[in-house]
Amino acid sequence: MDISNILNFLKVLAANNNREWFQEHKAEYLSVQADFEELLGMVIARISLFDESVAHVLPQDCTYRIYRDVRFSSDKSPYKTHIGGYINARGKKSNHCGYYVHLEPGNCMLAGGSWCMPADMLRAVRQSVCDRIDEFRAIVEDPAFHQYFPVVGETHLKTVPKGFPKDFPYPQYIRCKDFTVACPLEDEFFSHPDFLDRMTEIFRQLKRFADFTNETIDEFE
């Protein structure tokens with residue numbers, strides 16, 4: 001499958017981020033959207049081989065609108081310059097940890113985890129990490145995982161959260177404000193003939209992290 005058409009469209013969109021241009025090229029966008037959903041369909045099929053819970057997920061249910069919400073933003077550009085899909089067994093709005101595909105020229109990635117968790121859920125996941133730190137470290141510090149996902153969490157507290165021991169020996173794992181991981185990819189990644197195999201292996205490693213966090217998260221959903 002040729003991903004370059006998607007990336008090329010997004011690159012041109014970034015340079016022409018206005019309604020007039022987009023309306024003139026709406027047919028191109030719809031073609032890109034269809035290509036991306038085709039890609040997601042293949043990725044879902046691959047993930048289903050080791051995570052049957054996503055086998056029922058439809059590509060069109062994973063994608064996000066191209067239109068930006070500019071109501072509270074100083075940037076009034078009407079369109080996103082990336083396209084993303086969140087493959088989640090419980091729906092893309094769930095806190096349940098899933099698999100995220102992000103295509104953006106110069107900023108592609110595969111990622112997953114749980115963003116913006118409610119405070120009680122976040123505290124519970126942190127507690128699970130504390131209580132099962134050896135199990136958690138065996139996942140996130142395994143070289144097979146760490147080569148793709150070197151950092152746990154997108155944002156972090158400066159200190160150990162209130163209610164947790166100040167002398168906890170691995171504070172980096174409970175200072176997370178979100179339990180997410182991301183694997184940045186060069187645009188050229190998608191030009192390799194085996195890129196789907198590579199994506200599958202990356203997401204196979206992600207499942208280990210997802211299984212751990214979902215044991216706690218799913219108690220709240």
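Buried means under 20% relative accessible area, exposed means over 50%, and partly exposed is anything in between (1.4 Å probe, protein chains only). The model looked at here is predicted, so local features need pLDDT of at least 70 and side-chain atom pairs count only at pLDDT 80 or more, while totals for chains, interfaces and linings use all residues. Residues are numbered from 1 along each chain as its sequence is written, and side-chain values use heavy atoms, with hydrogens and water left out.

Now for the charged pairs. Side chains of opposite charge can pair when their charged atoms come close. Searching the whole structure turns up 11 salt bridges, a salt bridge being a side-chain nitrogen of Lys or Arg within 4 Å of a carboxyl oxygen of Asp or Glu. One of them joins D69 to R71, at 2.7 Å from N to O. D69 is partly exposed at 45% relative accessible area, whereas R71 reaches 62% and counts as exposed.

Another salt bridge pairs R132 with E215, with 3.5 Å between the closest N and O atoms. This one ties together distant parts of the chain, 83 residues apart: R132 sits in the loop between α4 (119-131) and α5 (133-140), and E215 belongs to helix α7 (residues 195-217). Helices here are DSSP runs (H or I, at least four residues), numbered from the N terminus. R132 is partly exposed, at 22%, and E215 is partly exposed too, at 45%.

Then there is D194, which bridges to R198 with the closest N and O atoms 3.2 Å apart. Relative accessible area is 31% for D194 and 35% for R198. Elsewhere, salt bridges with shared partners join R132, E135 and E215 into one network.

Technical notes:
Helices (H or I, at least four residues) and strands (E, at least two) are DSSP runs, numbered from the N terminus.
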